[in-house]
Amino acid sequence: MDIFLFITQLLVVLGCIVMGTRSSGVGLGLWGGTGVAILVFVFGLAPGAPPVDALLIVLSVVLASSMMQAAGGIDWMVSIAAKVISKNPKQITLIAPLTAFLFSVGAGTSNILYPLLPVIYDLSYRNGIRPSRPLSLSVVATGIALACSPVSAAMAAMIALTDTAPWNFELMDIIKVTLPAAIVGIFLASLFVRRLGKDIADDPEIQAKIASGKLVAPGATATEVKAEVTVTKEGRWAAIIFLLGVLVIVIFGLFSGLRPLGAGEVPQPIGMTPIIEIIMFVAGTLIMLVSKPKVAEIPTMTVFRAGMVSAIALFGLAWLTNTFLGEHSKLVAEGIGGLVDTAPWIFALGVFLVCVLTTSQSTATNSIVPIGLAAGIPLGLMSGMWAGAFAGIYLLPTNGSQIAAANFDESGSTKLGTKLVDHSFFLPTLILAAATIAVGSLFGVLWGG
């Protein structure tokens, strides 16, 4: 009877997640909350704990990053990234993804990629490099960047889940595994991706466009290409303040002795959750004072809107999984734990598939990481697999950055396909995920704890 109830309730959880993915956006959160209602009122389960800590981190980070965007900070970061990419155009299949990755890590969002797409296209085509190669890997690289960023919604969820007893796994315990794993993964993936697709000279579609005059032949002198953004002094200072805030968070993560002490008989340094929230509020206030963005426009910023949607989805789905696992944690630990001990890659597959279905790394984190914790997966190993699996959001050609990359590619080499698996991002997604999961697992075992 217990197994029957477990399976029935699990089907409710999965059903709500599937319905949420079909609704997308805030629908994920609504279906999560509805699932909680079914588990509580129909099956009599006690409501789980809402993800308050994760929500507060997301809200504070979204507020600060939206202030930066409103002041022009993201435009300034894009201009710097464009200069970095243009320095070595012949190696653009590696340089562009690494640059997009690092700037996404610093900003805590992959939205920074959009203005870089025409820069990547133009530089690659001018230098006779098939544009789909750097474009596709740059898009996918921004996915795993959020597992390395101290200020992403996915990291907020991960910290909230692991920065408590009995795990006490802090920000730097995660980043010291995910960041090097992602960088090595991008490097390895670039070795494969630079061979995907026909060269421009051998591609009949591109050659036909050149012959008809629709496309200028590559070979023009590669000059520095500027991103189509407006760079201002206020934007520069906003970005510098925000990035300094990120740096301060990293320093507090590295050196716990610098943190204020909490209450108790034996005071201990306070956790990273309130540290992140405090620093982000201070950063947002400094941006407001120094760069003077129009505060009334903050709710209209793309970062703000995307962050609020993520917060709502996080609230509903995390509450749903917490309610379910609160009732069945022992069964999950005994049943799934043995399975994961035999084949730990099942955890990575779970995160990857939820990323595919929801296109949300924070949703995947809140759905699958609690199961991994209940199953007893070592946290270092879990962090390495977790990072690589984030590439899954690009397995299907449904993400905005994929569509934008295809539209910016005037040569037509970057395709969205017609059969879900014949698009330009499919193989780069699988290659980067496999490489990062493998390297991350190794790093996690060696020094992840």
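Author: Ser104 touches Thr109, Ser110, Ile112, Thr142, Ala145, Leu146 and Ser149, residues up to four places away in sequence being left out, where contact means heavy atoms within 4.5 Å. Ser104 lies in helix α5, which covers residues 92-107; helices here are DSSP runs of H or I with at least four residues, strands are runs of E with at least two, and both are numbered from the N terminus. With a relative accessibility of 0%, Ser104 counts as buried, a term for residues under 20% relative accessible area, whereas exposed means over 50% and partly exposed covers what lies in between (1.4 Å probe, protein chains only).

All of this is read from a predicted model, in which local features need pLDDT of at least 70 and side-chain atom pairs count only at pLDDT 80 or more, while totals for chains, interfaces and linings use all residues. Residues are numbered from 1 along each chain as its sequence is written, and side-chain values use heavy atoms, with hydrogens and water left out.

The structure holds zero disulfides, a disulfide being a pair of cysteine sulfur atoms within 2.5 Å. The sulfur of Cys148 has its closest cysteine sulfur in Cys355, 13 Å away, which is too far for a bond, and Cys148 is itself buried at a relative accessible area of 2%. For Cys16 the closest cysteine sulfur is also in Cys355, at 19 Å and again too far for a bond; Cys16 counts as buried, with 4% relative accessibility.

The wider setting is made of packed helices. Two packed helices are described by the angle between their axes and the distance between the axes. The axes are lines fitted to C-alpha atoms, for helices over the stretch in contact, and the angles run from 0 to 180 degrees between N-to-C directions.

Helix α3 (residues 52-70) and helix α11 (residues 233-254) have axes that come within 8 Å and cross at roughly 160°. This makes α3 roughly antiparallel to α11, since angles over 145 degrees count as roughly antiparallel, those under 35 as roughly parallel, 65 to 115 as roughly perpendicular and the rest as oblique. By class, the residues of the contact are five nonpolar, one polar and no charged; Ala, Val, Leu, Ile, Met, Phe, Trp, Tyr, Cys and Pro count as nonpolar, Asp, Glu, Lys and Arg as charged, and the others, Gly among them, as polar.

Helix α3 has another partner in helix α12 (residues 272-290), with axes that come within 8 Å and cross at roughly 20°. That makes α3 roughly parallel to α12, and α3 passes α12 in a left-handed crossing. On the α3 side the contact includes Leu56, Ile57, Ala64 and Met68, and on the α12 side Ile276, Met280 and Phe281 are among the residues met. The residues of this contact divide into twelve nonpolar, three polar and two charged.

Beyond α12, in the loop between α12 and α13 (302-342), sits Lys292, which has a positive phi of about 55° although it is not a glycine. Lys292 counts as exposed, at 61% relative accessibility. Asn168, in the loop between α8 (153-162) and α9 (171-193), has a positive phi of about 50° and is not a glycine either.

The helices on either side of Asn168's loop, α8 and α9, pack at an angle of about 125° with their axes 10 Å apart. They are therefore oblique to each other, and α8 passes α9 in a right-handed crossing. Here Met155, Met158, Ile159 and Thr162 of α8 meet Leu171, Ile174 and Ile175 of α9, a contact with six nonpolar, one polar and no charged residues.

Terms used: Left-handed = near helix turned anticlockwise from the far one by under 90°.
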